[in-house]
Amino acid sequence: MPWDRNQMAARAAQELEDGMYVNLGIGIPTLVANYVGDKDITLQSENGMLGMGPFPFEGEEDPDLINAGKQTITELSRTAYFDSATSFAMIRGGKIAAAVLGAMEVDEEGDLANWMIPGVLVKGMGGAMDLVAGVGRVIVVMDHTNKHGKSKLLTKCTLPLTGKKVVNRIITNLGVLDVVDGGLKIVETAEGVTEDEIRDATEATVVN
Amino acid sequence: MKKVYANAAEALDGLLHDGMFIAAGGFGLCGIPELLLEAIKETGTQDLTFASNNAGVDDFGIGILLQTKQVKKMISSYVGENAEFMRQYLSGELELEFNPQGTLAERMRAGGAGIPGFYTKTGVGTVIAEGKEHKDFNGETYIMEEGMFADLAIVKAWKADDTGNLVFRKTARNFNVPAATCGKICVAEVEEIVPRGSLDPDAIHLPGIYVNRIIQGTHEKRIEQRTTRKTEDA
């Protein structure tokens, strides 16, 4: 059985280690916060916050306290606030250990496309280009194939890039792959999924 | 040194002209200079270029200046959530320059710090890098981005004293600090102007040297994405 969204998020949470400062993207990456357990993880929100807490209880929303997805959130006892230039200084400066991001396409060189589909309304890259260029480790969480059944793990990205040679690890509904010299390497399969099934669903070169 | 003005219209008096370049603070609808934007709308100033992370929504934030077609160009990192923006952009009425969010923040910070250009890894190998100078440092490739020098900066803070020292609240600080620094003139709107001496000098987020004019006003502080959890989730 392929992993569902929550299982993918739980698997991504295993990538995070005690003491890490981490930035989580929108979508499945946001769910990763639910699975960090007892690990001492500090979440960064690039609009200017370290130590992001859960959503507020109804009636306790604060318009001055939002995450990068513009959702109301809460602070923790460890929280620190700062301005946007400082926020991206810590991102660009390599202080954030890892980013977990969604993607439209990843290729075998680690190129990532997740911000623009030509001909479709373009909303902008937000902080994604800065994150992938600056953080220590980029972990992509996405479905292995698109809604038409086509692989999202390609030999070469076709969409405009967010970053070149930036992805370290890809967690899909079928398993976990690393970007290595020569292509992608399967490091884990979802329970009941075979390596051959992953190879069949992957356009990119899969190395042994 | 009189910095405190009665209202947004008076604070902007003599500062606006057609075709000017304005840097605005805020992230989404959080910490936006809503009163100053409303006052700019009332003046009818045309052909404005805005550097602002976002473009507001249709009826709030910079969106109100899009409705009145006062904006010629936006420099932003993300512009979803705004139907009128998209209509004007797709019909060619509005120019749009995407900057990666951190590059936009650093362009403002650099401009305010007297730095006309800097090198960053952000955007290397993407459309953002096209036409820009590339330079290698220690075996890695960077692109040059330019500091931003705005005619006017408009920002929103929580508290100010009458010398313009500003304190922000939570994530409403965001782009307000770098935006304020990159303007030739900066006008700040705040929720409360407090007596001199009542702000902790060790806890000033933006020193008054960057702030030329201040107004106090009542803010709507609209929430864009109200998300909550139920008590039993705790």
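Five salt bridges: that is the count between chain A and chain B. Keep in mind that this is a predicted model. I'll start at the interface, then go inside.

Take one bridge. Glu75(A) pairs with Lys170(B), and the closest N and O atoms sit 3.0 Å apart. Glu75(A) is in strand 4 of chain A, while Lys170(B) is in the loop between strand 9 (166-167) and helix 6 (176-181) of chain B, so this pair joins two chains. Buried or exposed, where does Lys170(B) fall? Lys170(B) has a relative accessible area of 18%, so it is buried. Glu75(A) is at 37%, which means partly exposed.

Next bridge. Arg226(B) meets Glu61(A), with the closest N and O atoms 3.4 Å apart. This pair also crosses between chains: Arg226(B) is in the segment after strand 11 of chain B, and Glu61(A) is in the loop between strand 3 (49-52) and strand 4 of chain A. Arg226(B) counts as exposed, at 54% relative accessibility. Glu61(A) counts as buried, at 17%. The cut-off for buried is under 20%, so Glu61(A) passes.

Now the whole interface. Chain A brings 44 residues to the contact, and chain B brings 50. The buried area between the two chains is about 4100 Å². Carbon and sulfur atoms give 61% of that area. On the chain A side, Asp64(A), Lys70(A) and Lys123(A) supply 19% of the area buried against chain B, more than any other three residues.

Polar contacts, then. The rule finds 26 residue pairs in polar contact across the interface of chain A and chain B. Which elements of chain A touch chain B with at least two residues each? Among them are strand 4 (75-81), helix 3 (84-92) and helix 4 (128-134). Helix 3 gives the largest share, four residues. By class, the side of chain A that touches chain B has 20 nonpolar, 12 polar and 12 charged residues.

Over all chains, the structure holds 28 salt bridges. One of them links Glu15(A) and Arg11(A), at 2.8 Å from N to O. Both of these residues are buried. They also belong to a salt-bridge network with Arg137(A), Arg169(A), Asp178(A) and Glu188(A).

On to the nonpolar cores. Nonpolar side chains tend to be buried together in soluble globular proteins. Here, the largest nonpolar core has 56 residues. Val32(A), Val106(A), Leu112(A), Val140(A), Val167(A) and Ile170(A) touch the most other members. Apart from that core lies another, of 38 residues, including Phe50(B), Leu66(B), Phe98(B) and Val187(B). Back to Val106(A). Beyond its neighbours within four places in sequence, Val106(A) is in contact with residues including Leu112(A), Val140(A), Val167(A) and Ile170(A). Asp111(A) and Lys152(A) are also among its contacts.

Pro29(A) lies in helix 2 (residues 28-31) of chain A. Its relative accessibility is 1%, so Pro29(A) counts as buried. Neighbours within four places aside, Pro29(A) is in contact with Leu24(A), Val100(A), Leu101(A) and Gly102(A).

The other is His205(B), in the loop between strand 10 (183-193) and strand 11 (213-216) of chain B. His205(B) is partly exposed, at 26% relative accessible area. A polar atom of its side chain lies 2.8 Å from the backbone nitrogen of Phe168(B). Its contacts beyond four places in sequence include Leu166(B), Val167(B) and Arg173(B). Between the C-alpha atoms of His205(B) and Ala157(B), 48 residues apart along the chain, the separation is 9.6 Å.

Note on methods:
Residues are numbered from 1 along each chain as its sequence is written. Chains are lettered from A and ligands numbered from 1 in the order in which they are written. This is a predicted model: local features need pLDDT of at least 70, side-chain atom pairs count only at pLDDT 80 or more; totals for chains, interfaces and linings use all residues. Side-chain values use heavy atoms; hydrogens and water are left out. A nonpolar core is a set of buried Ala, Val, Leu, Ile, Met, Phe, Trp, Tyr and Cys residues joined through side-chain atoms within 4.5 Å. Buried means under 20% relative accessible area, exposed over 50%, partly exposed in between (1.4 Å probe, protein chains only). Contact means heavy atoms within 4.5 Å. Buried area is the accessible area (1.4 Å probe) that two parts lose on being put together, summed over both. A salt bridge is a side-chain nitrogen of Lys or Arg within 4 Å of a carboxyl oxygen of Asp or Glu. A polar contact is a pair of N or O atoms within 3.5 Å; within protein, one must be able to donate a hydrogen and the other to accept it, and residues adjacent in sequence count only if both atoms are side-chain atoms. Ala, Val, Leu, Ile, Met, Phe, Trp, Tyr, Cys and Pro count as nonpolar, Asp, Glu, Lys and Arg as charged, and the others, Gly among them, as polar.
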